[in-house]
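Subject: Handing over the structure

Hello,

Here is the structure I said I would pass on. Please open it first, then read the notes under it.

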Protein chains: 2
Amino acid sequence: MQYETDIEPLNLGGGSPDYSGLSVIEGGGATSASGFRASGVHAGFRKDPGRLDLALLVADEPAACAATFTQNVFCAAPVTVSREHLDGVSYGTARALVVNSGTANAATGSVGIQSAHRTAEIVSEAVGCPATEVMIASTGVIGQQLDMSIFETGVPQAFAALSENGGADAARAIMTTDTRPKECAVSFSGDAIGYPGCIFTIGGMAKGAGMIMPNMATMISAITTDAPVAPDMLHAALTDAVATSFNKITVDSDTSTNDCCFLFASGAAAPDAVPFEAGSPALEQFQHALHAVCDTLARGMAADGEGATRLITVRVAGAATDAQADMAARAIANSPLVKTAIFGHDANWGRIAGAAGRSGAQFCQEDVSIDIMGMPVLRAGLPVPFSEEEALRRFERPEIDIDVDLGAGTARTVMWTCDFSHEYVTINGDYRT
Amino acid sequence: MQYETDIEPLNLGGGSPDYSGLSVIEGGGATSASGFRASGVHAGFRKDPGRLDLALLVADEPAACAATFTQNVFCAAPVTVSREHLDGVSYGTARALVVNSGTANAATGSVGIQSAHRTAEIVSEAVGCPATEVMIASTGVIGQQLDMSIFETGVPQAFAALSENGGADAARAIMTTDTRPKECAVSFSGDAIGYPGCIFTIGGMAKGAGMIMPNMATMISAITTDAPVAPDMLHAALTDAVATSFNKITVDSDTSTNDCCFLFASGAAAPDAVPFEAGSPALEQFQHALHAVCDTLARGMAADGEGATRLITVRVAGAATDAQADMAARAIANSPLVKTAIFGHDANWGRIAGAAGRSGAQFCQEDVSIDIMGMPVLRAGLPVPFSEEEALRRFERPEIDIDVDLGAGTARTVMWTCDFSHEYVTINGDYRT
């Protein structure tokens, strides 16, 4: 077999977080921004006493807050109650977020709603704020009622443990089948954007390993910033960032009942300054930094998908419309055949082509080009011979790139997913029993 | 835990082939109907000399023919050529179908199209008919060119082997990762439908184990009948039967590049009679029998999905529209979380609820009921305690029923799928290499 080495890779680009103009804070997370404290404790939702299962995040003062929630009809009680608090009562202001792992409080009816309300009350008593300024989230098994006595004792314990360095414990406490916490923080200077002498920080945490194909939110993520941003701007910024980060990952095509993403802004980095204004360079830089944080957390979530051995970045270009780019990328990223092939270190472009072909995106097969890990494998709809040895070498990388040019337009997108391993079947065949 | 044994199961019904008024022909298949001969031989597409890899089905006289094909943009060359022959030239008449396994002739460009045309010519020379009366299908690895010398020697060999009992060999020759052939045949009397003394037969074969979520056709299926049915009626009957059989199964949500379903009618059971007329009791009975055959083959395909240990029937009722019933059933049937749970013998209704909730179907979670294997597990959106022991007992059955009532309307549907096992990952992680 001859290798046509003169064929240029597609090099579609994109898919890595863009940290340009930002300082990445090593080990940073949900408490990197000023004005926030957090903790993670073992309250008793899980049997293993060594496992943290209750996270508390508290703003020193009432903070601006925005959130996106799952679109699943079977949405969990904490989603309903948090949405009610934020949209209906506190109008974008919040003081605290409490997250338990182990029990999802989903499909729990009116008892579950009462439990969610009571959770907010317990936190409000500890923190000293209205219950409507408390956001709540739960993750774990569906259909079990929460044991409220665990909150009664656990929340005061978590409150006592609050610390300006507590982000790492909080990130561990929200984990379920995650194998590692997902945290990230960046900062940027206010000098060139109208806030001389100020350093603004955005940091956050996320969890999610199964039932992951977020639609309007991720499994659970909490992001904080000390930049001064009003609720409406915060909401717009979050919606925008979520669309190209959390909403572009999939582990197993199943959108959770509990997805939510919270963004809190304390303004503590510039306490007396006017909030970032619409269209200002400051808001633009904030948006850029928020994208970097969301992209990093989302990629981390895909890379830590249940049973994952590889992070897969799917870039689709040349689509007729944005929607069609998304359809093609999503079909490829969700294809069990593509995902098992990557697990088996098989550069099986036929399955990628097949998935794009059935996605609903419109194109001509004669116009399609595909690269796997930077190696051209398809041009003009025809196979390009490639070195299997070189492919096996590149499969050793922890990140696998799939680039597809549909040749039908100029729209493009990036999605992240992971491979599909025996371990996924083991985890999900044994999960509840 | 108490078990509320007074709760009635949903008993949605449906999902089993309806053989009422039909005689099932034990061991029947593609040559059960009069006027057809078939064979399956080892031509050399596969290395194992014991494995059949070339199937030939020939009608004694030109037969009426209808077909449905994949909607995948990356459709294979044999799909393009068969469609061209049937729709563009022969106008619903065909003499022969040739199927090779091992190589899909997909993503093979103009060379692949030439190969498909040449295949039809080779068959036409053996059979003695126009090349445009030859239907062709291929299944196997995508992106490899066919070795035409194998057809040159294999087709005469297959022609010599043609037999009125050759359906079983043909059904074996089209298998890829299938573990068993899928065949079925039924007959019905013409006495009460205007064809006294006639016995009409419909039988067929199918293959398909991976890359299976047919959209307008199945992987590969060939059905024959000796009933006198004109091409336009045949097409309408096939489209209708495919919609509720092959188009309602999914193994892995991936629609193949090579899906096709052919239906040939020889009329040999009533050679001098007028063809079945639109709206006649005869056509109605024919349609009924065709549904039974398609349902049987489709169920067989789902039950033999790659790595499958169980056939899963998903019945959704109470949807607002037919489209929403399909969305909910498809989301459940494609959910890796639901499928791995069944593999793990876990009656995890939370994953079923979650999949329905994210499907796009509209309903209120408070109105939903779910049964697993006839055991009520959810009523009015709330869990019903059930006996785990009884559930484990019922998981020993080869067929698992999931019944969901969305409580939002009167539309309903049935889909078939299979569980998701370690073996699926093994098969598809190792397939090409």
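What follows is a short tour of what was found.

**Ground rules**

This is a predicted model, so to speak of a local feature takes pLDDT of at least 70, side-chain atom pairs count only at pLDDT 80 or more, and totals for chains, interfaces and linings use all residues. Residues are numbered from 1 along each chain as its sequence is written, while chains are lettered from A and ligands numbered from 1 in the order in which they are written.

Helices (H or I, at least four residues) and strands (E, at least two) are DSSP runs, numbered from the N terminus. A residue is buried if 20 or more other C-beta atoms lie within 10 Å of its own, exposed if 12 or fewer, and partly exposed in between, with C-beta atoms placed from the backbone. Two residues are in contact if their C-beta atoms, placed from the backbone, lie within 7 Å.

**Where chain A meets chain B**

Start with two helices. They are H11 (residues 422-430) of chain A and H8 (residues 336-343) of chain B. Their axes come within 7 Å and cross at roughly 70 degrees. Axes here are lines fitted to C-alpha atoms, for helices over the stretch in contact, and angles run from 0 to 180 degrees between N-to-C directions. H11(A) and H8(B) are therefore roughly perpendicular to each other. (Angles under 35 degrees count as roughly parallel, over 145 as roughly antiparallel, 65 to 115 as roughly perpendicular and the rest as oblique.)

Which residues meet there? From H11(A) come A:Val425, A:Asn428 and A:Gly429. From H8(B) come B:Leu337, B:Thr340, B:Ala341 and B:Phe343. By class, the residues of this contact are 4 nonpolar, 3 polar and no charged. (Ala, Val, Leu, Ile, Met, Phe, Trp, Tyr, Cys and Pro count as nonpolar, Asp, Glu, Lys and Arg as charged, and the others, Gly among them, as polar.)

Now take H11(A) by itself. Its buried residues are A:Tyr424, A:Val425, A:Asn428 and A:Gly429. They cover an arc of only 115 degrees around the axis, which puts them on the same side of H11(A). The arc is that of the directions from the helix axis to the C-beta atoms. These buried residues pack against H8 and helix H11 (422-430) of chain B.

H8(B) has 8 of its 8 residues buried, so it is largely enclosed by the rest of the structure. Among them are B:Pro336, B:Lys339 and B:Ile342. Just after H8(B), B:His345 takes a positive phi of about 55 degrees.

**Domains of chain A**

The domain assignment gives domain 1 (23-303) and domain 2 (311-430). Such bounds come from an automatic or database domain assignment. The C-alpha centres of the two domains of chain A lie 32 Å apart.

A:Phe286 lies in helix H6 (residues 281-303) of chain A. It is buried, with 24 other C-beta atoms within 10 Å. Leaving out residues up to four places away in sequence, A:Phe286 touches A:Phe200, A:Ala227, A:Val229, A:Ala237 and A:Phe276.

A:Ala227 sits in the loop between strand E8 (220-225) and H5 of chain A. What is its burial count? A:Ala227 is buried, with 35 other C-beta atoms within 10 Å.

A:Met233 is in helix H5 (residues 231-243) of chain A. It is buried too, with 23 other C-beta atoms within 10 Å. Beyond its neighbours within four places in sequence, A:Met233 is in contact with A:Phe276, A:Ala278 and A:Leu283.

A:Met373 has a positive phi of about 55 degrees although it is not a glycine. It is in the loop between strand E11 (369-372) and strand E12 (375-379) of chain A. B:Asn105, also not a glycine, has a positive phi of about 50 degrees. Its place is the loop between strand E4 (93-103) and helix H2 (109-127) of chain B. B:Asn105 is buried, with 31 other C-beta atoms within 10 Å.

Best wishes
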